[in-house]
Amino acid sequence: MGRVTTYIGRRASNRVKITTTLPDEPLRALLSASLFEWVIENLCKNAIDAMDGEGHIHIMARSEAYCIALEVSDTGKGIPSKHFSTVFTPGFTTKQRGWGLGLSLARRIVEEYHHGRIFVKQSELGKGTTFRIELPLYDGENTPSDEQNG
Ligand SMILES: Nc1ncnc2c1ncn2[C@@H]1O[C@H](COP(=O)(O)OP(=O)(O)O)[C@@H](O)[C@H]1O
Ligand SMILES: [Mg+2]
């Protein structure tokens, strides 16, 4: 997570503030670090696109009772509630040069590779959006080669 935020931080203008709330203990989830970084990076890019050059992105990760939860919140323009699930459809974009593939791929990575869920948790027009990812807790039984902490 640290790596992604530094990277995004460098790309974003200095009027986009990025903050994180991460646990002290490393989170143990079964994940492919590179694919997962791509997902977070894409959520952050969308967040930046949703802001007019200025705003705040907050990334939170924590262990919950039934999952590892990760939320990316922004202070961008928001998503109309009728589009909360449409945004994950391949080809759906509201951008002039958008491909509309970022979120559909993000969903595939989270759901098919990581057996998790990704969805719009909350969004308000003109105020901002929170995307939430839930990953199953790692039960420690499998030891895949690409297992990573946090
Ligand atoms: N954080 C966000 N705030 C507002 N709208 C968003 C956000 N993330 C995604 N969207 C909406 O979802 C659409 C699809 O996103 P995505 O699949 O990444 O494709 P693209 O970025 O190429 O448009 C975007 O065009 C935008 O309308
Ligand atoms: Mg995108």
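I count a residue as buried if 20 or more other C-beta atoms lie within 10 Å of its own, exposed if 12 or fewer, and partly exposed in between, with C-beta atoms placed from the backbone. On that count, buried residues make up 31% of the 150 residues in the chain.

I noted that this is a predicted model, where local features need pLDDT of at least 70, side-chain atom pairs count only at pLDDT 80 or more, and totals for chains, interfaces and linings use all residues. Residues are numbered from 1 along each chain as its sequence is written, while chains are lettered from A and ligands numbered from 1 in the order in which they are written.

I looked up the elements, which are DSSP runs numbered from the N terminus (helices H or I, at least four residues; strands E, at least two). The order from the N terminus is α-β-β-α-β-β-α-β-β-β.

Next I checked α3. Its buried residues are Gly-102, Leu-103, Ala-106, Arg-107, Ile-109 and Val-110. They are on the same side of α3, because they cover an arc of only 165 degrees around the axis (taken from the directions from the helix axis to the C-beta atoms). They pack against α2 (33–49), β5 (117–124) and β6 (128–136), a contact being two C-beta atoms within 7 Å, placed from the backbone. Just after α3, I found His-115 at a positive phi of about 55 degrees.

Last, I listed the shell of ligand 1 (C-beta atom, placed from the backbone, within 6 Å). It holds 21 residues, the closest being Asn-46, Ala-50, Thr-93, Gly-98 and Gly-102. The largest share, three residues, comes from α3.
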